[in-house]
Amino acid sequence: MIMKTIKYLGLLLLITLTANSCMDEFLQEEVYSDLSPANFYNTEADALAAVSAVYNNFQYFGNELWDVGTRFMVVSEATTDIMFCNWYMDTEGYTFSSSDGDFLILWNHCYNTNNKANLVFEKLPGIEMNEELRNRLIAETKFLRALTYFNAVRWWGDIPLITEAIEDFSGIENVSRDPASQVYDQIIQDLNDAIAVLPVSYDNAADAGRVTLGAAKTLLGKVYLTRGMGGDPATANASDLQAAVNEFEDLMSDPYTYDLAADVRDVFDYTQENTPELGHIFSQQYSQGLGYEGTWIAQNMQAMELEAAWWGYSAPEDWLQGPDGFAHSWEQTGLPDDSTWYFIPHDDRLLYLFEDYNNMMWMHWCKKWQYESYQGWAEHPQNFTHLRFADVLLMHSEALNELRSAPDAEVVAGINRVRARANVPEYDPANWTKETFRDEIQDERNRELWGECHAWFDYVRKGMLVERMQAFGIEFIDEDYNLFPIPQQEIDNNSNLTQNTGW
Amino acid sequence: MKSTPNLCGNVIRRIALLLTFFLCVVPLMAQQTITGTVTSSEDGTPVPGVNVFIKGTTQGTITSAEGEFSIEADRGATLVFSYVGMQSREIPVGDQTVMDVVMEPDYARLDEVVVIGYGSMKKSDLTGAVASLKSDEIDKQPITSMEQAMSGKLAGVEVTQASHAPGGGISVRIRGGNSINSNVEPLYVIDGMPIYSNNNMIPSSGPNDGVIPQLNLLAGLNPADIERIEVLKDASATAIYGARGANGVVLITTKRGLTGRSIVEYGGYYGIQNISNKIEMLDAYQFATIHNEMATNRGEPLRFTGSEFDGIYHGTPEEYRNGTLQSTDWLDEILRQGTIKNHQLSVSGGTDRAKYAISANYLDNKGIITGGGFNRTSMRANLDANVNKWLDIGNSTSYSYNKSINAGSESGLQWFNGGTISAAMKAWPVFQPYDADGNYNVTGTGTLRGNPVAFANEAKNELVNNRLVSNLFGVITITDGLTLKISGGVDMITNERSRYFPTSTYSGSLSNGDASKNFSKSLNLLNENLLNYNKTFGVHSINAVMGFTMQQEVNEGHSASAQDFPSDVYQDNNLGAGAIQDIPSYSWKNQWSMASWLGRINYNLMDKYLFSVTGRADGSSKFGADNKWAFFPSFAAAWRISQEEFMQNLGVFSNMKIRASYGRTGNSEIGLYNSLAMLGVMSYTFAEGYKSPGIGPSRMANPDLKWETTDQADIGFEVGFMNNRLNFLVDAYYKKTTDLLMAINLLGTSGYVDPGFGAETHLRNIGSLENKGLEFTSNYDILVGTFKWSFSGNFYMNRNEILQLTEGGAITLSGGGIDKHGGKVYLDVGLPVGVWRERVQDGIFNDQAELDGHVNGDGEPLQPGAMPGDVKLVDINGDGVIDGNDQDIVGDPNPDYTFGITNEFAYKGFTLNIFIKGSQGNDINAPHFVHSKQISTISNGNLIADMWNRWTPENTDTDVPRAGCNYLLGYEVFDGSYIRIKNVRLIYNIPAQNIQWLQNAQVYVNIENLATFTDYPGFDPEVNSAGQSAWQRGIALNPYPSMRTVLFGVKIGL
């Protein structure tokens, strides 16, 4: 009897053990309504979608819903003497601190983008797909990671350099800062990897906004220029100036077709986007009518009449209207009282900068971001321009000016193309010294690139932030301001993170 | 697999052989026939149905209707006489052939068999804390859902009605809440089938913003089918349910057929229902007066001046007073006398080989708000068959169809989207429900926009719920004492919500008809394989169970909606007819599965020393990859002191037992897919007009995610006197829950912080909390004999405290959820879960002198601009400024203690049963009163009548602030203590002995909610609008008023 019982128990055990071998499968969590790494990264379409998700992060730049773009603008341009802005942190009084949400959001955005990119590098090699396409997608993503880190390393200096996808908690809680030089090495490595693979252009119209070879070279040139100008002593490398010039000069000849649009307004015409001949190199893409694929940043950039309204506004600082700004090429007419200035503009860029240039004081309607009228939530189609040819020309002049003992015809060639297009007098190199022209190039950049998030980077690159902001009235500013504070919340939650000096 | 039946056959043959052997051997011994009569010591009458058997064997017989028995037994053997409600007797067989036995009643029914997890045992053998309710107690209340039966009846069990709406949700806490973020409802097991009880699966009604699921998923189970309910409270009892045992387990056993007793029973009742406590609101005269006063105080234009305002004529207060203009009591307009009717028909019976119990039920409860209601049609068939010597099979199957018609209570604060109660309390009494043509006033001014009458009468919001619960089992007897039970069960639920707001309602008028359909379904499958072993060796008795179970649940649903219909005729039946189709349509599906090993050994030594060891290993798909399996052990011991000779010699105690247990259980309700990495859709356009799908990571994996763990220790003491006529039971427990699921802020460098939303959180097991409490239960049959009086009472107190939260410390839970449900909950170490932290009021400024005295250290006024009659706020932190930092705990929803008392008087055929319950020391947070108790703006709508006693320069002796007060609090918290005569029933049992065809018959009258004693100004202090939420308790959000029900019923057994 007992033997039989044991036999029976044994049989039961056998059945259950057999069942047990299927147990892992039984206890596997099946996902149906959601996507998870378990049911994704299998096909070519998955690979394309994974890369699109990285691009998607840059869409945040112009979407009010997430507001990253406005904060990008606040941190990178409103922190200078050329843009007034009453959005978020106090850039006018320069009293921002590590607790300001602007820095946290940009920090989070940087690492969120970075992680998506790292996941692409990890997952794409395992997908069965067209080899050429795989390599190109990885190259595009390398550019996007480089662009992300390039912004971050300029804002914060030493930052955690994370090059592997994070899939769970293990190992993320104790990340620490890596030297900025290492970050630059990674950026240059990524861009060179991308340059080896990327095409000059795409045949398919639907791919027009993807990263091109020209975009990677432009960014690489800018990276070299940044180190070459030596604004950050920790990463200064004067020999990079020539490397920058080489990249910029490549872009001015075959196979590239970059040129300046004859009419400056065409650069910001959404129906002619992604046209190298108009100077487009790389832009964040926006579309209308596709459901939250447009930008909202326009709303924040065109708000003069809405000064008292709920969304605040951004505008050129008053001095830009004066003789040191656009007005240096204006004729002052009418009644020059304190409240109303009338100008005859000589600078065509005012045509696209301001809605009503005759009354700049009261009409700071930035037309770079304006498309007709309100299009609904995140439905404005204008692209956000990251890289364009005028920038390349100006950087070329900037680098060359440093390499020569004094400005010459080659130095002024680039900047004069930009000025000629704006219908303002060209520079005669004889009138300038290396030092004065360095300053003048920056003023020209401010006029050409106002509202495109360049000024703070430019000032720091050239080591002129302190000087310019002190002259602007921010007297307490010192060299510590060449880096922004690491977001306080990150430091609070990670004892390995140190703060930048002075913050 | 072919070997199995062979093996079985072998075993059977062996058993048969063994039986033959016994049959052959037995006659060789000195056997004699013993006959006798069993009588009761109480009244000397014979007791039929007594089990008479030879100790240590299964041989036995049952006494006849005359109490007589006859049995063959050896000399030296011991006969055991047992009968439920009598104390067992053991009598040795000597030379006698006649044995007349007198049995003493056992009022505590220690011989009663109590259902426990995966088995049953004698009540006297229990080592854990198990509370029982039997059908005769359940039947004495007109309950519509089975959890209501436990309300106030069992110590340690707190049952709160989330909504008093017919079929409304109920939440149950056993020994306090063990969690903050997870489900804290107990596990319900019906006839062995663990079932789904999370009301969240019920589709919400879409734009009816903030509506908490109103239908109770368990309302589909007909309470009249229930034979008994066991509540497993301590870890010794619940550890066998492992990762689902932490919140306690409710075992429901339905009625089954009995051998030799066939009966056809009908039970029915009909009742009328009226609101038990109406909130009085201001009439039109008072409303106009107060609002003019407010406007005057604020320097705003007067509205009620006998001229047009906002394009509509507004009378003077006098015109409303003298009746020139009408006043509307909007609550009266939406309330009605409700009805409830219930029919129950059941047939049961059986032979030795087959037993059956089949029932059908129809319940229709209209409720007291126009347009609402609940009805249920259910049926059940429980069958048992003895197939052959080694096989028994059976099933428990029930099906129910429930329809709940939403009356619009428990709605959010957006009254115009359909909260009938909300709208009725806000609508201005100066307006009328109908215009001169008899049409609804829909687009009137002010808060009449949400005409509650139009909504109650015209809006459709129905939920149809179908539920099938079926469990089939076979029991194979392997050898003497060893059985294998294999069962398979299914629990299938479908929910379908149909909603239509016609153009006669406000929101319907905006959208030109607004319709939606929501569907969800749940399929739950179970397989259980249990080996049971029962054996007695002399003074040792072992009862063991070992098993393996698997369960899987699949949930899915979809939803679609449309607006702008050419006609109201379509309602929700033709969404395609709506011109606007792009309102969210979605579908979803999820699944979880669980596999478990379980085992328990109960060891009984000499009926005095009882030991129990339990263990369960649960593997769950919900757990993270690195924590797939959890193990939950428990240990318990009990000492039946009253069985000791020295105690029996005392002759005082008929029962005394002390028991102690310790064990660990889990809460696996940690949400689905929370441990998995997730991807989200992030599309991008690579050129103007070309949209390309993008998919990227949205959440990182948490392979360590696991159950919440509860360790519990329990000590129980029970004592009985006078044949257990008087019993006391005390239990003390301590529970500590660790690994609480808490949301942690993620580092940005993780890469998973969405750049837009800033702080991204991640679930991790880090918090802990404790519950400790005392339970007292007493039963006393005060009078026995012709006039009977029995008393039973319970008293229960629980203390809950948070021991650890996130690293960050205190958390204020607010945001989306809280806005809807109201009440700002504050969590901090050292506090109980659910308390509210707000600014603190210290009365009102009665005069200028008080105002002048309310200054800080520098002599500056603490409340600049305040006037006499304004709310006086307290500078809690003493910094000389009153601002958002001056907050303190203003209320705690957890009661100090709760109790329930039942007295039953019986004389001849009459029985009077009175049930009183109460709760003391709990607070209620009533967000809807913020609007109706604070005179701040006319758009908040009408005010409760108490506001008439507002402060004015002439009326300073009041605690109601002046109209248009400058300082107001954003909350209303009240003492929610109450004592309630919950139910009174007078039963007359018609003498049926002399009527051949009648087995029993009774008629009764029942009054529910006869009287309530409370200071709470709302409809009912038994309120909990947030339903099953673990951290939101005691919140009253436009609740359905409770009802006083008077009903008449009959029961007939043929």
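**Salt bridges and their surroundings**

Over all chains, the count comes to 75 salt bridges, a salt bridge being a side-chain nitrogen of Lys or Arg within 4 Å of a carboxyl oxygen of Asp or Glu. This is a predicted model, in which local features need pLDDT of at least 70 and side-chain atom pairs count only at pLDDT 80 or more, while totals for chains, interfaces and linings use all residues. Residues are numbered from 1 along each chain as its sequence is written, chains are lettered from A and ligands numbered from 1 in the order in which they are written, and side-chain values use heavy atoms, with hydrogens and water left out.

In chain A, the side chains of A:Glu122 and A:Lys123 meet in a salt bridge, with 3.9 Å from N to O. A:Glu122 has a relative accessible area of 38% and is therefore partly exposed, on a scale where buried means under 20%, exposed over 50% and partly exposed in between (1.4 Å probe, protein chains only). Chain A also holds a network of salt bridges that links A:Lys222, A:Asp391, A:Glu398, A:Arg445, A:Asp458, A:Arg461 and A:Lys462.

In chain B, B:Lys608 forms a salt bridge with B:Glu644, and their closest N and O atoms are 3.6 Å apart. B:Lys608 lies in the loop between strand E28 (586-605) and strand E29 (609-620), and B:Glu644 in the loop between strand E30 (629-640) and helix H10 (645-650), so the pair ties together parts of chain B that are 36 residues apart in sequence. Helices (H or I, at least four residues) and strands (E, at least two) are DSSP runs, numbered from the N terminus. B:Lys608 counts as buried at 15% relative accessibility, and B:Glu644 counts as buried at 9%.

Another salt bridge of chain B joins B:Glu1022 and B:Lys917, whose closest N and O atoms are 2.8 Å apart. This pair links distant parts of the chain, 105 residues apart: B:Glu1022 sits in the loop between strand E51 (1000-1014) and strand E52 (1043-1053) of chain B, and B:Lys917 in strand E47 (residues 910-920) of chain B. Both B:Glu1022 and B:Lys917 are buried.

The strands on either side of the loop that carries B:Glu1022 are themselves paired, E51(B) and E52(B) running in the antiparallel sense over nine bridges, where two strands pair if DSSP finds at least two bridges between them. Here B:Val1003 stands opposite B:Val1050 in E52(B). E51(B) also pairs in the antiparallel sense with strand E50 (residues 978-989) of chain B, over 11 bridges, and in that pairing B:Tyr988 stands opposite B:Val1003.

What is the count of salt bridges between chain B and chain A? The count there is zero. Polar contacts are found instead, in 20 residue pairs (both at pLDDT 80 or more); such a contact is a pair of N or O atoms within 3.5 Å, and within protein one must be able to donate a hydrogen and the other to accept it, while residues adjacent in sequence count only if both atoms are side-chain atoms. On the side of chain B that touches chain A there are 40 nonpolar, 28 polar and eight charged residues, with Ala, Val, Leu, Ile, Met, Phe, Trp, Tyr, Cys and Pro taken as nonpolar, Asp, Glu, Lys and Arg as charged, and the others, Gly among them, as polar. The contact, meaning heavy atoms within 4.5 Å, takes 76 residues from chain B and 76 residues from chain A. The area buried between the two chains is about 6700 Å², and carbon and sulfur atoms give 66% of that area, buried area being the accessible area (1.4 Å probe) that two parts lose on being put together, summed over both.

A polar contact inside chain B is that of 2.9 Å between the side chains of B:Asn529 and B:Asn527. B:Asn529 belongs to strand E26 (residues 514-537) of chain B and is buried, with a relative accessible area of 14%.

Leaving aside neighbours within four places in sequence, A:Ile187 is in contact with A:Ala146, A:Tyr149, A:Phe150, A:Val153 and A:Val223.
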